[in-house]
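Please keep the sequence and the three-dimensional view at hand while reading.

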Amino acid sequence: MRWSESCIPTMKENPREAEIPSHRLMLRAGLIKKLTAGIYTFLPLGLRVLKKIESIVREEMNAAGCQELLMPILHPEEIYAESGRLETFGPELYKVRDGRQRVFALGPTHEEVVTMIARDEMRSYRDLPQCLYQILTKFRDEIRPRYGVMRAREFIMKDAYSFHTSEASLDRTYREIEKAYQRIIERCGLRYRIVEAESGYIGGNESHEFMVLAENGEDRILSCGCGYAVNLERATAREKEETTGEENKSTYKAVDTPGAATVDEVSQFLRVTPRDIVKTLLYRSGDRNVALLVPGDREVNDIKLCRNLDDSTIRFLEAGEIDEVTGGPVGFSGPVGLPPETRIVADETIKRYSSMIVGANKADKHLVGVVPGRDFVIESFNDYVYAREGDLCARCGKPMELSNGVEVGHIFKLGTKYSRSMNAKYLDEKGESHPFIMGCYGFGISRMVAAAIEQNFDDDGIIWPLSIAPFQVLVLPINMDDQKIKEAAESLERGLKEKGIEVLLDDRDLSPGVKFKDAELIGIPLRLTLGRKLQEGKIEIFDRASRQVTEIPVGEAVAEILKRIAI
RNA sequence: CGGGGUGUAGCGCAGCCCGGUUAGCGCGCCUGCUUUGGGAGCAGGAAGUCGCCGGUUCGAAUCCGGCCACCCCGACCA
């Protein structure tokens, strides 16, 4: 393909809106163009990459025994009422009305639609298991779209759904898809990690995410040398066994902490570390108040809170309510002397405190030397806080490391969540009906484009892995006015094309500097440069990733390219 | 949803405070000549509802009011 005849609008300057490298480079290299916030056109060069990733995904899904289908984008609103997700999805669901004012949702994912298909069409255990997938545009009204196609309101996703008669069967497919995803990301040439994950609003039990490792990834991953990795939001906070706090005191004492309401203020005032202080957080759960104790240097993870207390509507007590319940103002709450009907629960990490510093439930006072068990009673311990770097691995007990990643894939064991709510059942050998056991498996195709760049770029531009590069080779004649160079370039393009190689010929009549800069910006893995050495029958082959330049006879160029691509 | 910021040519920006010719600059684009190994030179040229609506004024990109869009930060941790 000739550059002069293509729509590849590169930009010299950085668009102001782009914050992270992949977004900046996708705009500058002419891969995408913004229509409005979170909504992008894939320009020809970007689309080539998208299509390559798409076909790798398709091949591996087919190889894993899944069947492709295509479901509608427009969904009648009622199906979300049926599954109960109208509320959980809530504001993220795009809605449109037809001419008769009937409400439709723009599909954010297709559990409902596919479950209806299974309900009607897979009635016998003989039909199972089955795994259906599709690749199409999804719509989510993101609270805050950002980073270009990384978090867009309209994006392309591969979503797959499997139906089973047993957990064992689900597990087999789950592992099969897990392997397929590994092959997909490996074929795309990216470094990644599989992590234990939260299942979020999709629901279900077991869940894993596939993270492409990248500095600017939105997700935080804790990983261990033993191979275990977990999403930070799910990881258990585990610390080394050691006790803190003074011991052998017969009683606690109240100290003045005027104006010191936050952990930082109290720790500075008392000259202790935040870790020495225990925060008491007051919540309303149903008709009871709950006091949660966590170390001063830890933060509560709301997902864990809701799950452990089995209450998705739990909320903080408001300032006025805190006064009523504890007798003291916000910032000075503590577990000692709370009304007896208040449940007191604590994070596991609280076990290490033989005594603690807590709020006194009085303005400007804290208590030092409070001993759990003696001075108040903790009803139960559980995992409530966010883990952090250095916390211990759940498998082997060694400290874990923090890294960032881009979530490109997420697989879930849904169980019967949707089949029950939507009454989707099959008949077993005995003629008894059971809800389907389901799995679902998402893979972000458009996000993968951004993730690949986020992991592979330098100061000059993108460095595409060969398998997903928009072209494999760029032929760059220094001067198109030079007949010999022009002809040699054109003949090289033909020769490469005949061998089935995807080649872009930069036949634009521009100064060499511009062409070199553009070449590095768009990041085609291999470049053939035709310049003055052509007089001696020599051209250069440039490797974008290593920046290595090799001089070769022009006659051997095609063979050399074939050799390098084969690797 | 809350806070902050920005809207002037395809991209990046100045002008606005202090109202007043034909609204500027750099890059890009078009034409011609020169140039051709790292974002070329000269000459000429095209391109703007100054986000939108309303108001003040003899006169508004500039002042006032409303709306919209976009970007960033935050969304209750005592």
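D310 is found in the loop between α8 (302-308) and β16; helices (H or I, at least four residues) and strands (E, at least two) are DSSP runs, numbered from the N terminus. The model is predicted, and local features need pLDDT of at least 70, side-chain atom pairs count only at pLDDT 80 or more, while totals for chains, interfaces and linings use all residues. Residues are numbered from 1 along each chain as its sequence is written, and chains are lettered from A and ligands numbered from 1 in the order in which they are written.

D310 has a phi near 50°, a positive value in a residue other than glycine. Because 9 other C-beta atoms lie within 10 Å, D310 is exposed. On this scale a residue is buried if 20 or more other C-beta atoms lie within 10 Å of its own, exposed if 12 or fewer, and partly exposed in between, with C-beta atoms placed from the backbone.

The strand β16 belongs to an open sheet of five strands in the order β16-β14-β15-β17-β20, with mixed pairing. Its edge strands are β16 and β20 (380-382), each of which pairs on one side only. Two strands pair if DSSP finds at least two bridges between them. Between β14 and β16, which run antiparallel, there are two bridges, and R315 in β16 is the bridge partner of R284.

The account now turns to the RNA. Around RNA strand B there are 46 residues, the closest being A37, G331, G513, F516 and G531; a residue is near a molecule or strand if its C-beta atom, placed from the backbone, lies within 6 Å of it. At least two residues of this surface come from each of β14 (278-285), β16 (315-316) and α13 (512-522). The most is given by α13, with eight residues. By class, the surface near RNA strand B holds 17 nonpolar, 10 polar and 19 charged residues, where Ala, Val, Leu, Ile, Met, Phe, Trp, Tyr, Cys and Pro count as nonpolar, Asp, Glu, Lys and Arg as charged, and the others, Gly among them, as polar.

Another pairing involves V358, a residue of strand β18 (residues 356-359). V358 counts as buried because it has 28 C-beta neighbours inside 10 Å. Strand β18 is joined by three bridges to strand β19 (residues 365-370), and the two run antiparallel. Within β19, L367 is the bridge partner of V358. The two strands β18 and β19 form a hairpin with five residues between them, and N361 in the turn has a positive phi of about 60°. D364 also lies in the loop between β18 and β19, and its phi is near 60°, a positive value in a residue other than glycine. With 16 other C-beta atoms within 10 Å, D364 is partly exposed.

Elsewhere, helix α1 (residues 21-28) packs against helix α11 (residues 445-455) at an angle of about 105°, with the axes 8 Å apart. The helices α1 and α11 are therefore roughly perpendicular. Axes are lines fitted to C-alpha atoms, for helices over the stretch in contact, and angles run from 0 to 180 degrees between N-to-C directions; angles under 35 degrees count as roughly parallel, over 145 as roughly antiparallel, 65 to 115 as roughly perpendicular and the rest as oblique. P21, S22, L25 and M26 in α1 meet A450, I453 and E454 in α11, contact requiring C-beta atoms, placed from the backbone, within 7 Å.

Terms used:
Contact = placed C-beta atoms within 7 Å.
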